[in-house]
Amino acid sequence: MVPPLALDIDGTLTTPTGRIDGRVFELLPDWDAPVVIATGKAFPYPVALATFLGLPPQVIAENGGVVHVADETTFLADPDRPRAVVEAFEERGGEIGWGDDTTVNRWRETEVALSTDADEALLREVAADVPDVEVVDTGYAFHVKSTSVNKGDGLVRAAEALELDPESFVAVGDSENDVSTFAVAGDADAVANADAAARDAADVVLDEGFMDGTASVLEALSAGRTPGE
Ligand SMILES: O=C(O)COP(=O)(O)O
Ligand SMILES: [Mg+2]
């Protein structure tokens with residue numbers, strides 16, 4: 001019996017150049033337990049990924065702002081304050097930094113994401129003036145989000161809908177937005193490319209990075225071994 005999974009996308013199911021690793025399409029469709037995709041990306045991305053894997057869309061998006069499981073979508077945070085932070089940031093000369101790519105925030109319902117090229121110091125200064133808002137750095141984007149949501153709470157909600165104990169999940173991730181997931185899952189594995197926050201929160205820091213690390217977890221679990229051993 002394999003355990004249910006809570007999987008981050010960027011840095012975890014991807015290659016170092018940011019593509020979905022092909023092994024995702026070999027290892028996940030036949031996984032014999034629920035797979036929850038828990039990401040900072042906007043809602044359509046994990047839904048599309050699950051759909052093309054042939055899996056039911058069991059999804060935590062926008063760092064916990066959106067949870068979709070058992071055919072029900074729940075929006076758990078209000079975008080007004082994150083949007084106000086980004087407006088104030090732009091008024092002070094900041095740029096969200098995605099160039100011509102207007103899709104990053106188009107479907108974002110509860111938070112705003114900025115490029116890692118954006119002026120982080122200015123962003124944090126502006127965000128500090130707004131209550132209940134935080135800036136989360138995933139290594140792929142700065143997310144301006146409500147402090148009241150996170151992926152871990154999303155996993156608790158998803159597990160409840162699936163009638164599973166959150167502790168029965170094995171989580172794999174790479175950055176500070178996975179720390180809350182790691183606190184909730186029974187086993188938490190950080191890939192080798194993980195940031196300090198994720199490494200500190202993990203039960204195991206894997207020797208392999210990106211999908212090499214995640215594949216090693218899935219292979220170990222399938223063989224009845226403990227990941228990382
Ligand atoms: O959207 C991001 O910044 C990172 O996405 P992730 O949570 O799937 O790694
Ligand atoms: Mg990630």
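A residue counts as near a molecule or strand if its C-beta atom, placed from the backbone, lies within 6 Å of it. The model is predicted: local features need pLDDT of at least 70, side-chain atom pairs count only at pLDDT 80 or more, and totals for chains, interfaces and linings use all residues. Residues are numbered from 1 along each chain as its sequence is written, and chains are lettered from A and ligands numbered from 1 in the order in which they are written.

The residues around ligand 1 include Asp8, Asp10, Lys41, Thr138, Tyr140 and Asn177. Domain 1 and domain 2 both give residues to this shell, so ligand 1 lies between them. The domain bounds, 5–75 + 149–222 for domain 1 and 80–146 for domain 2, come from an automatic or database domain assignment. The C-alpha centres of the two domains lie 23 Å apart. In contact (C-beta atoms, placed from the backbone, within 7 Å) are 16 residues of domain 1 and 14 residues of domain 2.

Helix H3 covers residues 80–91; helices are DSSP runs (H or I, at least four residues), numbered from the N terminus. A residue is buried if 20 or more other C-beta atoms lie within 10 Å of its own, and exposed if 12 or fewer, with C-beta atoms placed from the backbone.

| Class in H3 | Residues |
|---|---|
| Buried | Arg81, Pro82, Val85, Val86, Phe89 |
| Exposed, on the face turned away from the buried side | Asp80, Glu90, Glu91 |

Gly93, whose phi is positive, near 95 degrees, follows H3.

Key: Helices (H or I, at least four residues) and strands (E, at least two) are DSSP runs, numbered from the N terminus. The expected span of a helix is 1.5 Å times one less than its number of residues. Two residues are in contact if their C-beta atoms, placed from the backbone, lie within 7 Å.
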